[in-house]
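Here's a quick briefing to read alongside the sequence and the 3D view.

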Amino acid sequence: MGALAHVLEANGLATVGIFPTDDIPKRMRPPRALVARFPLGRPLGRPDDAPFQTAVLMAAFALLASPAGPVVATFPEVVADAAADALSCTRPPRPDATPPP
């Protein structure tokens with residue numbers, strides 16, 4: 001995302017990336033980054049919590065008012081991974097496992 005953000009910014013399109021940890025924006029130095037300390041696979045936080053997810057998006061969109069930096073902001077809330085809420089794939093298994101993926 002960081003490299004693509006630089007290309008898009010150079011062509012006049014403002015970007016904001018959402019990252020689960022602050023080490024990625026420190027290395028990639030994207031123009032604008034929101035560090036949201038949420039479990040991997042849940043970039044907007046809690047599933048089925050539209051107000052919370054809206055708050056995350058609004059925090060990310062607010063960074064668009066900042067000049068291309070790098071600007072790194074941290075979302076104030078942390079969402080812990082709940083072991084009871086295991087991620088699962090809802091797709092059924094393929095009926096014929098012999099063809100290559």
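**The chain at a glance**

Of the 101 residues in the chain, 24% are buried (buried means under 20% relative accessible area, exposed means over 50%, and partly exposed is in between, with a 1.4 Å probe and protein chains only). Keep in mind that this is a predicted model, where local features need pLDDT of at least 70, side-chain atom pairs count only at pLDDT 80 or more, and totals for chains, interfaces and linings use all residues. Residues are numbered from 1 along each chain as its sequence is written, and side-chain values use heavy atoms, leaving out hydrogens and water.

**Overall layout**

- You'll find 3 helices and 3 strands here (DSSP runs numbered from the N terminus: helices are H or I with at least four residues, strands are E with at least two).
- Follow the sequence and the pattern reads α-β-α-β-α-β.
- Take the contacts between residues at least 6 apart in sequence: 51% of them join residues at least 24 apart (contact means heavy atoms within 4.5 Å).
- The chain's accessible surface is about 6,900 Å², and carbon and sulfur atoms hold 62% of that (areas come from the Shrake-Rupley method with a 1.4 Å probe; for residues, only the protein chains shown count as cover).

**Helix α1**

- Gly2, Ala5 and Glu9 are buried in helix α1, which spans residues 2-10.
- These residues sit on the same side of α1 because they cover an arc of only 50 degrees around the axis (the arc is that of the directions from the helix axis to the C-beta atoms).
- Their cover includes α2 (23-28) and β2 (32-35).
- Just after α1, glycine 12 has a positive phi of about 90 degrees.

**The core**

- The largest nonpolar core has 9 residues, among them Leu34, Ala36, Phe52 and Phe75 (such a core is a set of buried Ala, Val, Leu, Ile, Met, Phe, Trp, Tyr and Cys residues joined through side-chain atoms within 4.5 Å).
- Helix α3 gives the most to this core, with 3 residues.
- Leaving aside residues up to four places away in sequence, alanine 36 touches Ile18, Phe19, Pro20, Pro43 and Phe75.

**Helix α3**

- Phenylalanine 61 lies in helix α3, residues 50-62, and counts as partly exposed because its relative accessibility is 49%.
- Leucine 57 is in helix α3 too, and its 32% relative accessibility makes leucine 57 partly exposed.
- Leucine 57 is 39 residues from isoleucine 18 in sequence, yet their C-alpha atoms are 9.1 Å apart in space.
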